[in-house]
Amino acid sequence: MTNELFRRLATIYLGEAIRYPKLRAVTLAQWALESGRGSSALARDHYNFGGLKWRKEMTPYATKVKYAAHDGEDFYCKFATLENFIAGYWAFLNRTPYSGWEANVATPEKFIRFVGPIYTPRPNYADAVLALAPEAEALLADVEKAEAAAVKPAAAPAVSLGVIVIDPGHGGNSDVSGSSANNAISVSNVKEKKLTLDFALILRDELLRQAAARNETVQVVLTRTTDINVTGKARAAMAFDHKAKLFLCIHFNGNKSATVRGTETFYRAKENNNINLAADMEFAGAVQTALFTALKTIDPGAKDRGIKPDNQGNPNLPGFGVLNDISLGNDRRQTPCRAAYIEAEFITNPSVDKLLISGPNAVPNRIAAMAAVAGACLAQMRKIP
Ligand SMILES: [Zn+2]
């Protein structure tokens with residue numbers, strides 16, 4: 001199960017609090033079977049790993065997409081994030097055809113032998129799922145270990161580019177110092193915090209993949225891989241703790257007006273005591289250009305709002321706590337960490353929602369956008385000793 005997408009699903013699933021944790025591996029095994037270990041088009045393009053057909057009860061979790069499967073064209077669920085798929089799967093079981101499933105959760109086997117025949121008429125379905133359960137178990141254990149080690153690259157005779165810390169904005173259900181639980185909500189009702197995590201996980205895969213392709217290694221640390229909130233200071237402190245060359249925050253914008261859109265990237269303002277202003281501006285400029293150019297290639301409506309100081313030109317504004325050079329430990333380092341804060345797009349704009357969240361190509365578009373940002377980050381890292 002080495003498919004990057006399926007590994008991302010396992011990463012997210014590990015962090016989700018589900019009602020029956022001992023069913024985690026067997027359900028992951030079921031999704032592996034249904035999606036060809038994350039290789040099906042339904043999984044790749046719509047985050048639908050369960051082959052879940054559209055049902056009106058799925059409205060809070062998914063949108064409706066027309067899809068031609070082996071048994072003909074039908075409407076299926078399209079999930080905006082991996083978190084939505086997981087929640088959606090469990091909600092799918094709460095529908096009438098599966099009533100009584102919660103009386104069959106004593107063992108993973110009992111569960112799948114109950115659910116399986118309702119899920120599909122395919123003979124020996126439960127056996128096929130159970131055969132994949134050890135593999136799913138091993139994948140979960142491996143992902144857990146890798147997360148604990150902050151995804152250190154394997155020892156290889158490659159050029160080491162150092163460490164980048166990616167900071168998916170927001171998270172959890174309560175505000176903490178310097179970080180609200182959520183800010184923007186998309187036209188299709190997806191929370192910014194879900195998107196930032198999804199984009200960050202894609203960016204991590206792209207960084208590792210692009211580096212490996214050039215026989216380079218890069219260590220990628222995420223400030224969170226689950227739906228939790230972390231203070232602004234603690235997020236920045238991870239960059240210091242890991243001696244990161246780069247610290248990149250990922251956010252999405254919102255506006256009362258649905259017509260507002262565009263990509264912008266913030267850096268620490270001079271008036272907010274930036275220790276490495278020129279370097280930060282170079283990094284912000286590089287990711288901004290990369291991201292905007294990638295979006296413009298996919299969508300002519302993309303708009304370049306440029307790079308901006310975090311006080312937005314008002315010397316009396318304190319800026320973003322997460323970009324504070326002291327929180328980043330830059331006052332204690334010989335080589336200051338470069339920091340930038342992407343506001344990728346306005347998810348309150350319907351065209352953007354279609355482009356990056358609810359449209360048929362939303363997932364491939366995300367990957368293209370993050371591939372471009374990864375390329376810009378790696379180029380920066382090659383320049384920094
Ligand atoms: Zn935000």
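A polar contact is a pair of N or O atoms within 3.5 Å; within protein, one atom must be able to donate a hydrogen and the other to accept it, and residues adjacent in sequence count only if both atoms are side-chain atoms. The model is predicted: local features need pLDDT of at least 70, side-chain atom pairs count only at pLDDT 80 or more, and totals for chains, interfaces and linings use all residues. Residues are numbered from 1 along each chain as its sequence is written, and side-chain values use heavy atoms, with hydrogens and water left out.

**Exercise 1. The domains and their interface**

Determine how many residue pairs are in polar contact across the interface of domain 1 and domain 2, and describe the side of domain 1 that touches domain 2.

Step 1. The domain assignment, which is automatic or from a database, gives domain 1 as 4–147 and domain 2 as 150–383. Their centres, taken over C-alpha atoms, are separated by 30 Å. Domain 1 brings 18 residues to the contact and domain 2 brings 23 residues, where contact means heavy atoms within 4.5 Å.

Step 2. Between the two domains about 1,700 Å² is buried, and carbon and sulfur atoms give 54% of this area. Buried area is the accessible area (1.4 Å probe) that two parts lose on being put together, summed over both. Of the area that domain 1 buries against domain 2, Arg8, Glu83 and Glu147 supply 29%, more than any other three residues.

Step 3. The rule finds 6 residue pairs in polar contact across this interface, both residues being at pLDDT 80 or more. On the side of domain 1 that touches domain 2, two or more residues each come from helix 1 (4–15), helix 3 (41–46), helix 4 (82–93) and helix 6 (125–148). Helices (H or I, at least four residues) and strands (E, at least two) are DSSP runs, numbered from the N terminus. Helix 1 gives the largest share, 5 residues.

**Exercise 2. Salt bridges across the interface**

State how many salt bridges the rule finds across the interface of domain 1 and domain 2, and examine the pair Arg8 and Asp205.

Step 1. A salt bridge is a side-chain nitrogen of Lys or Arg within 4 Å of a carboxyl oxygen of Asp or Glu. By this rule, 3 salt bridges cross the interface, and a search of the whole structure finds 25.

Step 2. In the salt bridge of Arg8 with Asp205, the closest N and O atoms are 2.5 Å apart. Arg8 lies in helix 1 and Asp205 in helix 7 (residues 192–213), so the pair links parts of the chain 197 residues apart. Both Arg8 and Asp205 are buried, buried being under 20% relative accessible area, exposed over 50% and partly exposed in between (1.4 Å probe, protein chains only).

Step 3. A salt bridge also joins the side chains of Arg204 and Glu147, at 2.8 Å from N to O.
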